[in-house]
Amino acid sequence: MAETLLQRVARGDHAAVALCLDEYGGMVWSLANRYLRPIGEDPEDAVQEVFAEVWRQAGRYDPGRGGEAAFIATIAHRRLTDQQRRAAAR
């Protein structure tokens, strides 16, 4: 079986990091806009935070449990929800 994009990211493949951003950046940006624009928050920093978490968690990705997009969307959902809560607390 071929190595997945996230498995390559986990082992430090810099080309895979760029491909991951190209492949999933639009999805994460769209989620960040949906979660944060209505509350007046800028999604740009949140997108960076999501991808930083993706790099840290890439080694936990198991292709047998689901697709890469779902893995990344789950991380995005958690980080963006955290940011919504922080904004609400301010």
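How many nonpolar, polar and charged residues are in the lining of the largest pocket?

1. Ground rules. This is a predicted model, where local features need pLDDT of at least 70, side-chain atom pairs count only at pLDDT 80 or more, and totals for chains, interfaces and linings use all residues. Numbering starts from 1 along each chain as its sequence is written, and side-chain values use heavy atoms, with hydrogens and water left out.

2. Overall build. The protein chain has four helices and zero strands, running α-α-α-α from the N terminus on. Helices here are DSSP runs of H or I with at least four residues, strands are E runs of at least two, and both are numbered from the N terminus. The C-alpha atoms fill a box of roughly 45 × 25 × 15 Å along the principal axes.

3. The pocket. About 360 Å³ of space lies in the largest pocket. Its lining has 14 residues, with Arg60, Arg65, Phe71, Thr74 and Arg78 nearest the centre. Helix H3 (43-57) and helix H4 (68-89) are the elements that give two or more residues to this lining, and H4 supplies the largest share, six residues. Now the opening question: the lining has four nonpolar, four polar and six charged residues. (Charged means Asp, Glu, Lys and Arg; nonpolar means Ala, Val, Leu, Ile, Met, Phe, Trp, Tyr, Cys and Pro; the others, Gly among them, are polar.)

4. Pocket terms. On a 1 Å grid over the protein atoms alone, a pocket is an open set of points where a 1.4 Å probe fits, with protein on both sides within 12 Å along at least five of seven lines; lining residues have an atom within 4 Å of a point. Points join across faces, edges and corners, and the volume is the space filled by probe spheres set on them.

5. Ile72. This residue sits in helix H4 and is buried, at 0% relative accessible area. (Buried means under 20%, with a 1.4 Å probe and protein chains only.) Leaving aside residues up to four places away in sequence, Ile72 touches Leu6, Cys20, Tyr24, Met27, Val28 and Val54, contact being heavy atoms within 4.5 Å.

6. Of the 90 residues, 38% count as buried. Among contacts with a separation of 6 or more, 61% join residues 24 or more positions apart.

Technical notes. Buried means under 20% relative accessible area, exposed over 50%, partly exposed in between (1.4 Å probe, protein chains only).
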